[in-house]
Amino acid sequence: MRALNLDQLQTLVSIADLGTFAAASRALHLAPPTVSLHIAELEARMGVPLLERGPRRALPTAAGAALLDHARRLLKEADDAATTVRRIAQGRAGKVRLGTSTGVIVHLLPQVLGTLAEHAPDIDVDLAILGSNETVERLQAGTLDIGVVALPQPASDEVLVTPWRSDPMMAFLPSAWAVPRSITPGWLADKPLIFNDASTRMYRLTMEWFASAGHSPRARIELNYTLAMKSLVAAGYGAALLPMEEVGGPLSALDAGMQLRPLKPALVRTLGIAHRAEARLDAAAREVLAVLRGFAQKAGPRRMRASPPAGGNRRPPRSTAR
């Protein structure tokens, strides 16, 4: 048997609801012969009468009533499918693959996603916790739509990077330590340290800051989860250099175990939004991109090129904890 025709099912439902072929013809804006043809073809396909034609009203047979139940569900699902496709085309629904770091997830992303939920509640964000290098690789491979990455990034014809936020780096120090008003590389170099691991740009940024004053310290432990790093600081395990990522509010509940100091010389961590050409993004991804841009501190898209390190020696990568 051939597949059911939705137009014919809609005609059957209209006749059952309105009572006559003529009323269904007017409601569906179809010529009376077309309405009759729809029912005749549907009955031929089912092999059984679906309507009893009375002098005043057409009533469904037992078979017709059974088909009507299915017809209503099929028509609703068809309408829902069409609505979903339209919402996706308009950027109001869909799934967007976003890669970012743990720090952004904790402090910035909840605000971004909250704004997105207000404007486009049917857009789902498939989140991947990644370093900047892997984020760019996945964007190039087409397995991510958008990424939040540390700058600078090497030039690329495939991935456009737009500066997004510049957050000051701070020294996060155990509250029990006696510390100066500002923290220099020389003062901090011989203290127990908690770093991001050597594969990250945060590690490179930290080591360049020490190297600018002729220091190359080794970390007591390396890991990439920002809250875990802060927890270790609060427990007195060591000091960490981390960006001040909190937006519009106080620090976390770990404040009691930590003290913060500015760095001297000052250090800034800059983030960018990375994505393929917008023409290759669907409407949902463009909507997420627009919301992210609403949280930007600086605007102006340009392709980013890697800058040389600040100088000094860096130790080679090693295990992430010891």
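**View 1. Strand E5 pairs with strand E11 in the antiparallel sense.** The pairing runs over 5 bridges; two strands count as paired if DSSP finds at least two bridges between them. Within E11, Gly272 is the bridge partner of Val149. Strand E5 spans residues 146-150. Helices (H or I, at least four residues) and strands (E, at least two) are DSSP runs, numbered from the N terminus. Of the 5 residues of E5, 5 are buried, so the strand is largely enclosed by the rest of the structure. Buried means under 20% relative accessible area, exposed means over 50%, and partly exposed lies in between (1.4 Å probe, protein chains only). In a regular strand, side chains alternate between the two faces of the sheet. Here Ile146, Val148 and Ala150 point one way from E5. Gly147 and Val149 point the other way.

This is a predicted model: local features need pLDDT of at least 70, side-chain atom pairs count only at pLDDT 80 or more, and totals for chains, interfaces and linings use all residues. Residues are numbered from 1 along each chain as its sequence is written, and side-chain values use heavy atoms, with hydrogens and water left out.

**View 2. The whole chain holds 11 helices and 11 strands.** The chain has 322 residues, and buried residues make up 44% of them. Which share of the contacts with a separation of 6 or more comes from residues 24 or more positions apart? Such residues account for 76% of those contacts. A contact means heavy atoms within 4.5 Å.

**View 3. Glu43 and Arg53 meet in a salt bridge.** The N to O distance between their side chains is 3.1 Å. A salt bridge is a side-chain nitrogen of Lys or Arg within 4 Å of a carboxyl oxygen of Asp or Glu. Glu43 lies in helix H3 (residues 32-46) and Arg53 in strand E1 (residues 51-53), so the pair ties together parts that are 10 residues apart in sequence. Arg53 is partly exposed, at 47% relative accessibility. The structure holds 10 salt bridges.

**View 4. A salt bridge joins Arg269 and Asp167.** The closest N and O atoms are 3.4 Å apart. This pair links distant parts of the chain. Arg269 sits in strand E11 (residues 268-275), and Asp167 sits in strand E6 (residues 160-174). The two are 102 residues apart. Arg269 and Asp167 are both buried.

**View 5. Lys191 and Asp190 form a salt bridge.** Their closest N and O atoms are 3.1 Å apart. Lys191 is partly exposed, at 23% relative accessibility. Asp190 is exposed, with a relative accessible area of 62%. Elsewhere, salt bridges that share partners join Arg97, Asp145 and Arg276 into one network.

**View 6. Arg276 is found in the loop between E11 and helix H11 (283-293).** Arg276 counts as buried, at 11% relative accessibility. What does Arg276 touch, not counting residues up to four places away in sequence? Its contacts are Arg97, Leu139, Gly142, Leu144, Asp145, Glu158 and Leu281.

**View 7. Helices H1 and H3 cross at roughly 110 degrees.** Helix H1 covers residues 6-18, and its axis comes within 9 Å of that of H3. Axes are lines fitted to C-alpha atoms, for helices over the stretch in contact, and angles run from 0 to 180 degrees between N-to-C directions. H1 is therefore roughly perpendicular to H3, a label for angles of 65 to 115 degrees. From H1, the contact uses Asp7, Gln8, Leu9, Thr11, Leu12 and Ile15. From H3, it uses Val35, His38, Ile39, Glu41, Leu42 and Arg45. The contact residues of the two helices divide into 6 nonpolar, 3 polar and 3 charged. Ala, Val, Leu, Ile, Met, Phe, Trp, Tyr, Cys and Pro count as nonpolar, Asp, Glu, Lys and Arg as charged, and the others, Gly among them, as polar.

**View 8. Ile194 is a buried residue of strand E7.** The strand spans residues 193-195. Ile194 has 1% relative accessibility. Leaving aside neighbours within four places in sequence, Ile194 has contacts that include Ile221, Leu223, Met229 and Tyr237. Leu241 is also one of them. The C-alpha atoms of Ile194 and Leu241 are separated by 7.9 Å, although the residues are 47 apart along the chain.

**View 9. Ala66 is in helix H4 (residues 62-89).** Ala66 is partly exposed, with a relative accessible area of 41%. The C-alpha atoms of Ala66 and Leu50 are separated by 9.3 Å. Along the chain, these residues are 16 apart.

Methods: Angles under 35 degrees count as roughly parallel, over 145 as roughly antiparallel, 65 to 115 as roughly perpendicular and the rest as oblique.
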